[in-house]
Amino acid sequence: DIHNLINICALALIRYLEPYLYAESVYFDQPTEALRAVERALNNDRSQDDAFAHTLRGYIISHQWGEGSAAYHYRRALEVDPDFFPALHASAWAEINEALRAVRASKTKDRQSHWDNAEKAIEKIKNKPGLYGDFASVANATLQILKTNDPKLSDQIIEERIRQRGKQFSARAVNLWTRTLSRLQHHKDALVWFETNRIVDRWDIGNLIAWGEALYAQKRPIEASTKFEAAENLLSSEKDRVRLRAHHALVLLENQYFDKGKEYLDQALDEGHTNPYILNSAGVILGAENDLKSATKYYKKAIQEHPSYAHAHFNLGNIYVAQDNKDAAILEYSRAHDLSGGDEFVGLLNNWARALCETGKFDQGHEKLDRLGTDGGSVKYITRGQCYTYQSKSVPQEQQEAYWRKAAQAFKDAISESPEEADAYNGLGRVLWHLGACQEARTNAQRAFEIYRKIEKELPKAAIDGLKIIAEGTDDNCGKR
């Protein structure tokens, strides 16, 4: 109709005259299109000095590849304007999220570095007036809960801000805080905010959704469902209601209501929902549960609806690796890279390199790792060591030792970078066993087992058996090729 035609024409005009406004309009449903719009602006020499452009690019990339990949662009923004609040706020959250990942992986060195970076950003924004200060207080409280694991201390930071601001304290900030509590597995503390009237507007749509999320996490699905229904009833647009149903499906999947979650998501798809972020996230959750068929279905649907959505190509490649279809995986990684706007995402290059090495394309694999430069941390060195290990199997016996020694050095570099990296101790133990360094091999294998148990990482049976031979075996087989 004429109304839709006007909207289409207006969006087309904005796309070329106001690329930032266009990017903000479409990033949720079309992140790659949004990224290209920002890149058009960044190609303008004037925009190279625009902190907003770099921040917006980082924000869009965070929805494609995660906060860690966006951090570089926030740093670029802060180089242009060290006091630019949106970049400071985004940078603080990027560092907090990376610290959370480091905590979960027991990487003490990485965790401290991210804490320090987050504190620097928060220090500049925590006393800002209005909404900015509200969000900064949530970032500060989140950092403290990460460092102390005590939600009561962090609650005090939020409550002090509420005392200062009264009813002006943003419902969005409370929504962010309660969701953060749930994300950090403090679901009961999140519910307290709703059930003791501590929230200024409990019936705000965002807070209803956060309330429902916390209830699902506490295995109270009937009550949770009513909160989502209440939120849906407050929405006037059918498109928004369908979008909320898709989010509801994702929350169900996150809380292991898999059948109901897939049912809701398929219903949303039938009603026209095509958001690639939701589809990709559903694939990630189901893939982690080894439901590779469903994960593949949602990745392919995301790609069908949004062929340029790089992250779905990347994750589909990971599924192909799990199915031992390395050639198909390499193709998807290549597509993901071509669509990623030139950002050398660490996880992509690393997984791509490993798949190349596993298929005997060693030079290409090492080239991908070389492109990581100083990025990639311990994971880059682990993959390098694995590549050398695969290479040792492709050469005559008299040449194998040289590759084992290169692999050993790579694994040692990984441990130096991150002393709690179980895969590095695992790889080093295996290589040293081949080299005949029996006791040193056992020490590393045993250390790997200790860390795997600590982080509750499950290994394939064959990998466990091989590691046990080293950790518990005698010298009889040590050094044999």
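Rings of Phe, Tyr and Trp pair if their centres lie within 6.5 Å. In this predicted model, ring pairs link Y216, F228 and Y257 into a cluster.

Q: How many aromatic pairs does the structure hold?
A: The structure holds 4 aromatic pairs. One of them joins Y216 and F228, with 6.0 Å from centre to centre and 45° between the planes. Y216 belongs to helix 12 (residues 205-217) and F228 to helix 13 (residues 221-233), so that the pair links parts of the chain 12 residues apart. Y216 and F228 are both buried.

Q: Why is the pair of F314 and Y333 called tilted?
A: Planes under 30 degrees apart count as stacked and those over 60 as edge-to-face, the rest being tilted. The planes of F314 and Y333 stand at 40°, with the ring centres 5.8 Å apart, and the pair is therefore tilted. F314 lies in helix 18 (residues 310-322) and Y333 in helix 19, 19 residues apart. Both residues are buried.

Q: Why does S154 count as buried?
A: Buried means under 20% relative accessible area. S154 has a relative accessibility of 0%, and therefore counts as buried. S154 is found in helix 9 (residues 151-165). Leaving aside residues up to four places away in sequence, S154 touches A141, Q144, I145 and W177.

Q: What makes the approach of S154 to the backbone nitrogen of I145 a polar contact?
A: The cut-off for such a pair of N or O atoms is 3.5 Å. A polar atom of the S154 side chain lies 3.2 Å from the backbone nitrogen of I145, within that cut-off.

Q: Which residues touch the most other members of the largest nonpolar core?
A: In this core of 51 residues, they are I96, L146, I158, W177 and W193. A second, separate core has 42 residues, including A268, A328, F345 and C387. Apart from residues up to four places away in sequence, I158 touches S137, V138, A141, F169, W177 and W193.

Technical notes. Residues are numbered from 1 along each chain as its sequence is written. This is a predicted model: local features need pLDDT of at least 70, side-chain atom pairs count only at pLDDT 80 or more; totals for chains, interfaces and linings use all residues. Side-chain values use heavy atoms; hydrogens and water are left out. A nonpolar core is a set of buried Ala, Val, Leu, Ile, Met, Phe, Trp, Tyr and Cys residues joined through side-chain atoms within 4.5 Å. Buried means under 20% relative accessible area, exposed over 50%, partly exposed in between (1.4 Å probe, protein chains only). Contact means heavy atoms within 4.5 Å. Helices (H or I, at least four residues) and strands (E, at least two) are DSSP runs, numbered from the N terminus. A polar contact is a pair of N or O atoms within 3.5 Å; within protein, one must be able to donate a hydrogen and the other to accept it, and residues adjacent in sequence count only if both atoms are side-chain atoms.
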